[in-house]
Amino acid sequence: MSSSKETAAHTPMMQQYLGIKAQNPDMLLFYRMGDFYELFFDDAEKAARLLNITLTTRGASAGTPIKMAGVPYHSAEQYLARLLKLGESVVIAEQIGDPATSKGPVERQVARIVTPGTLTDSGLLDETCDTLILAIVPDRVNAAPDTESVGVAWLNLAAGRFQISEIPPAALPALLARVRPAEILAPDDFTLNGSPCAVRRLAPWQFDADSARTRLAQQFDSRDLGGFGVADLPLALAAAGALLDYIQTTQRTALPHIQSIHAERDSDFVQLDAATRRNLELTETLRGEASPTLLSVLDTTATGMGTRLLRHWLHHPLRDRGVLSRRRDAIGVLAEQSDTATALTRLLKSCADVERISGRIALKNARPRDLSGLRDTLALLPDLAATLPDDRAHLATLQGALAARPDLHELLARAVLPEPASVLREGGVIADGYDADLDELRALTRDAGAFLLELETRERARSGIATLKVEYNRVHGFYIEVSRAQSDKVPDDYRRRQTLKNAERYITPELKAFEDKALSAQDRALAREKALFESLLETLTPHVPDLLAIAAALAEIDVLASQAERVVTLKLCAPDYSDEPGIVIRGGRHPVVEAQVAHFIPNDVQLTRARQMLLITGPNMGGKSTFMRQVALITLLACCGLWVPANSAKIGDIDQIFTRIGASDDLAGGRSTFMVEMTETAHILHNASANSLVLLDEIGRGTSTFDGLALAWAVARHLVSATRAFTLFATHYFELTQLANEYKQLVNVHLDAKEHGANLVFLHAVEEGPASQSYGIQVARLAGVPSPVIAAARRHLRELEDAQLQPGPQGDLFAAHLPNDEPPPHPALDQLREIDPDALTPKAALDMLYALKALTDTSP
């Protein structure tokens with residue numbers, strides 16, 4: 001259907017549809033027809049399948065039956081939300097012509113394009129999550145693995161935040177896990193494995209770096225990009241240029257709130273890879289649920305802005321101690337003044353989402369209640385500023401950012417009704433007294449009621465029909481209704497408008513004249529109101545940067561006040577930031593687990609250069625994984641500037657947190673549980689540094705006992721001797737505890753359990769030294785394994801212990817525990833080292849060869 005000849009064979013309306021569709025072939029097209037958005041042909045089939053709506057066939061065009069599916073325009077948002085969640089993008093074509101005056105099909109134009117990453121409408125957005133769109137472009141010049149980079153740019157359209165970075169390709173999964181985009185733009189020849197969201201393919205030429213610089217400079221109204229600190233990131237700028245062009249194409253309006261671009265450097269953050277974010281359950285459980293997670297425990301914010309900022313902080317732990325100390329100290333001030341924190345939270349609960357409202361104002365798609373919410377929030381700024389304590393530090397800065405804007409508040413108070421209609425098309429948005437012309441048109445409409453009552457009284461008297469009524473509906477306009485039994489009494493100037501079962505409806509010349517005047521006034525009032533609202537948005541647009549600054553301050557105050565409440569409720573402490581490397585925690589607790597149990601056992605941890613690795617042994621269910629995770633979470637919270645669940649915590653400079661915890665396979669990727677484990681372990685060994693925190697849980701359990709033990713021993717040895725990272729290493733291989741004899745910086749600790757009769761009691765307390773036993777059979781009994789199986793396991797365990805089981809075909813690598821030295825060299829190698837080839841005669845060389853052969857035959 002794409003050729004002009006084929007298109008010409010269609011009806012005029014289908015030609016119009018196909019013309020719009022051809023401009024956006026890979027997106028669904030919502031084509032407005034009266035009260036419905038219709039989809040045709042392949043789009044109709046796809047939408048019917050995805051939305052579970054009816055697929056029909058109506059008539060034919062160019063000899064082809066027209067497949068149709070539609071959704072009501074007034075409830076289109078719910079269908080859009082479902083499509084966007086499935087990764088689809090939608091083009092919305094609206095009627096711009098007047099059906100009454102159009103000779104052919106009503107003219108339609110694309111009003112907007114909605115994609116998963118460009119959402120700004122409150123009805124489509126999750127208020128607790130940022131919606132981001134990201135663009136990626138590879139380095140096409142340097143193909144060598146050690147020099148290759150990837151340019152990345154991402155944008156929060158609702159807030160106007162534009163950020164870029166250049167990273168090695170191997171770091172891309174970690175960045176995607178941190179940014180969590182809703183949509184990705186990539187060249188159509190770029191391979192992107194395992195994308196977490198919808199991917200939009202663009203032509204490679206759209207990522208041209210030179211045109212990107214020009215486009216970005218025009219957007220920021222600057223001569224060049226020198227003042228933004230991004231000139232040394234050409235790949236990232238190429239990605240940013242393609243992203244900006246895509247946004248301008250989809251939004252079809254100016255983007256005045258996007259005024260700068262910021263370069264992110266990996267060194268700014270404590271790096272977390274995707275596995276670590278998943279294993280620590282920061283904002284999503286391993287099952288993909290919203291709770292119980294670290295965020296669900298900490299989030300008592302009053303606004304969506306606050307929740308989004310707290311989520312952002314948890315996924316972006318910082319290394320800048322200045323920022324962290326300011327956050328920590330501000331929380332402390334508010335925690336000491338709990339009444340103040342409570343008062344702030346109470347005020348914030350009445351605040352609208354100023355950040356997203358500001359974005360919609362800039363994009364000219366704000367709704368009436370956005371403006372009334374903004375007005376009411378501006379009215380609260382003086383009270384919020386007055387309530388904030390003046391700490392002469394960070395809170396004082398936030399207080400300054402809440403400077404009142406009486407000019408904007410006064411404008412919105414004059415312009416918008418206290419409780420405006422939800423949508424502009426219904427009217428009832430602009431306040432009385434704001435515009436004289438609108439007031440006059442509204443007066444004509446309001447006076448209709450009095451006129452109709454007066455007309456009804458006169459007509460009853462004139463006709464002698466006591467039950468005569470003068471009424472109105474949207475379909476038939478104004479009319480006089482008379483029962484059929486009395487219809488013979490109507491005056492001669494009555495003209496029948498409608499016949500009902502038991503009544504007749506009439507119109508008179510006087511009523512017709514009034515109808516024309518009243519209905520015209522109503523239509524003109526709606527048009528005037530629409531023009532005034534659009535003018536109001538234009539007036540507010542230059543103030544969007546100031547409104548976004550107010551939104552940022554409100555969000556941070558919300559987070560700080562909520563965390564002050566958490567300090568008291570959860571008994572948190574302020575972390576100390578140390579210049580000395582290491583982590584020292586007294587009485588540490590896992591915040592999520594603690595919220596789920598009646599009594600939580602706190603534990604200490606000390607990681608320093610002299611105590612670099614803790615080798616943790618103990619029974620299953622004893623709390624090893626919980627202990628490890630709580631150390632990581634306390635460290636992460638401190639690196640977010642938040643208070644931590646402990647009696648005290650001293651945190652040194654940590655650059656990365658790695659975890660290898662839990663067992664899961666990757667069936668889609670063709671990777672077994674053990675392969676996933678080894679892949680994650682390899683990533684840690686390649687990337688961890690001496691300032692990293694590493695959590696490893698039961699390395700090697702997915703293969704044979706001796707293979708697993710050998711791997712676990714080698715990994716632990718490498719981490720303690722080569723990487724020198726701060727490591728928590730949990731294992732059931734008790735042979736590994738012998739490593740403490742070789743490395744003084746490796747310390748054995750354990751979590752114990754006690755048998756009480758037939759029961760096993762877990763103590764959950766971390767003690768020095770290795771565990772005495774694993775209690776695996778006892779744990780199996782607790783899990784409900786049948787008694788005969790447990791009894792058989794006990795018997796076989798005794799047999800194994802008595803026989804001191806030796807491995808079969810493969811050699812026992814650990815017969816004398818773990819060797820501390822390399823195995824002795826083969827005697828033939830010693831003989832070879834002593835040979836001087838230049839001094840050997842042919843006969844001596846032959847004799848030496850026989851001697852070496854004899855050594856290999858006789859040596860074990």
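Mentor: Let us begin with a charge over a ring, which requires NZ of Lys or CZ of Arg within 6 Å of the ring centre and within 35 degrees of the ring normal. Arg32 lies over the face of Tyr73, at 4.0 Å from the ring centre. This is a predicted model, in which local features need pLDDT of at least 70 and side-chain atom pairs count only at pLDDT 80 or more, while totals for chains, interfaces and linings use all residues. Residues are numbered from 1 along each chain as its sequence is written, and side-chain values use heavy atoms, with hydrogens and water left out.

Trainee: What sits over the ring of Trp313?

Mentor: The charged end of Arg327, 3.8 Å from the ring centre.

Trainee: Why is the pair of Tyr17 and Tyr31 called edge-to-face?

Mentor: Rings of Phe, Tyr and Trp (its six-membered ring) pair if their centres lie within 6.5 Å; planes under 30 degrees apart count as stacked, over 60 as edge-to-face and the rest as tilted. The centres of Tyr17 and Tyr31 are 5.4 Å apart and the planes stand at 90°, so the pair is edge-to-face. Tyr17 belongs to helix α2 (residues 12-23) and Tyr31 to strand β1 (residues 28-33), so the pair ties together parts 14 residues apart in sequence. Helices (H or I, at least four residues) and strands (E, at least two) are DSSP runs, numbered from the N terminus.

Trainee: Why does Tyr17 count as buried?

Mentor: Buried means under 20% relative accessible area, exposed over 50%, and partly exposed in between (1.4 Å probe, protein chains only). Tyr17 has 1% relative accessibility, and therefore counts as buried. Tyr31, at 0%, is buried.

Trainee: What makes the pair of Tyr494 and Tyr506 tilted?

Mentor: Their centres are 5.7 Å apart, with 50° between the planes. Tyr494 lies in the loop between β15 (477-483) and β16 (495-499), and Tyr506 in strand β17 (residues 503-507). Both Tyr494 and Tyr506 are buried.

Trainee: How do you know that β15 and β17 are paired?

Mentor: Two strands pair if DSSP finds at least two bridges between them. Four bridges join β15 to β17, and these strands run antiparallel. Ile480 stands opposite Tyr506 in β17.

Trainee: Which strands stand at the edges, and why?

Mentor: The open sheet of four strands has the order β14-β15-β17-β16, with antiparallel pairing. β14 (469-473) and β16 each have a single partner strand, so one side of each is left without a neighbour in the sheet.
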